[in-house]
Amino acid sequence: MIPLLFLVLFGEGVVALLLMVKIGPLRELVMKGLDQVKMGKGPATVKTIAGTMSVILLSNFFSIVKIQNKGTKIGTMTPMDQVLWRTHLLEASLMGMILVFLVFHIFGLFVLS
């Protein structure tokens, strides 16, 4: 799941870069693509994806808290718990960044000039 999240974040970064840099036809192509996503079924799809990712993000947060509480009861975290904690933390941070971009897209906070 982590490589998929990195891929999505990288794709969003490429789109943002293409929107910032004025490379004639590429920028116009990205703007037309974003306009088409905003019309029709695009907003409903984006909201559905954002809702699903929010539920997964909350699950990751609960797993992080559960692992931390287990570590405080025992006094120390086992190496396996440390690996799981770091994995959940990485997934949660990547999903949080993706959700920020999705919220910007849903509410139209990207200014395209």
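**Fold, surface and charges**

Student: What share of the contacts in the protein chain with a separation of 6 or more comes from residues 24 or more positions apart?

Tutor: This is a predicted model, in which local features need pLDDT of at least 70 and side-chain atom pairs count only at pLDDT 80 or more, while totals for chains, interfaces and linings use all residues. Residues are numbered from 1 along each chain as its sequence is written, and side-chain values use heavy atoms, with hydrogens and water left out. A contact means heavy atoms within 4.5 Å. Among contacts with a separation of 6 or more, the share from residues 24 or more positions apart is 71%.

Student: Which elements does the protein chain run through from the N terminus on?

Tutor: Helices (H or I, at least four residues) and strands (E, at least two) are DSSP runs, numbered from the N terminus. The protein chain has 4 helices and 0 strands. From the N terminus on, the order is therefore α-α-α-α.

Student: Why is the protein chain described as more spread out than a compact globule?

Tutor: The radius of gyration is taken over C-alpha atoms, and the globule rule is 2.2 Å times the number of residues to the power 0.38. Along its principal axes, the C-alpha trace spans about 60 × 25 × 20 Å. For 113 residues the rule gives 13 Å, and the protein chain counts as more spread out because its radius of gyration is well over that, at 18 Å.

Student: What percentage of the residues of the protein chain count as buried?

Tutor: Buried means under 20% relative accessible area, exposed over 50%, and partly exposed in between, with a 1.4 Å probe and protein chains only. One example is Leu19, which counts as buried because its relative accessibility is 14%, and which is found in helix α1 (residues 2-20). Of the 113 residues, the buried share is 22%.

Student: Which residue forms a salt bridge with Lys70?

Tutor: A salt bridge is a side-chain nitrogen of Lys or Arg within 4 Å of a carboxyl oxygen of Asp or Glu, and a search of the whole structure finds 1. The pair ties together parts that are 11 residues apart in sequence, because Lys70 lies in helix α3 (residues 42-74) and its partner in helix α4 (residues 79-106). With the closest N and O atoms 3.5 Å apart, the partner is Asp81.
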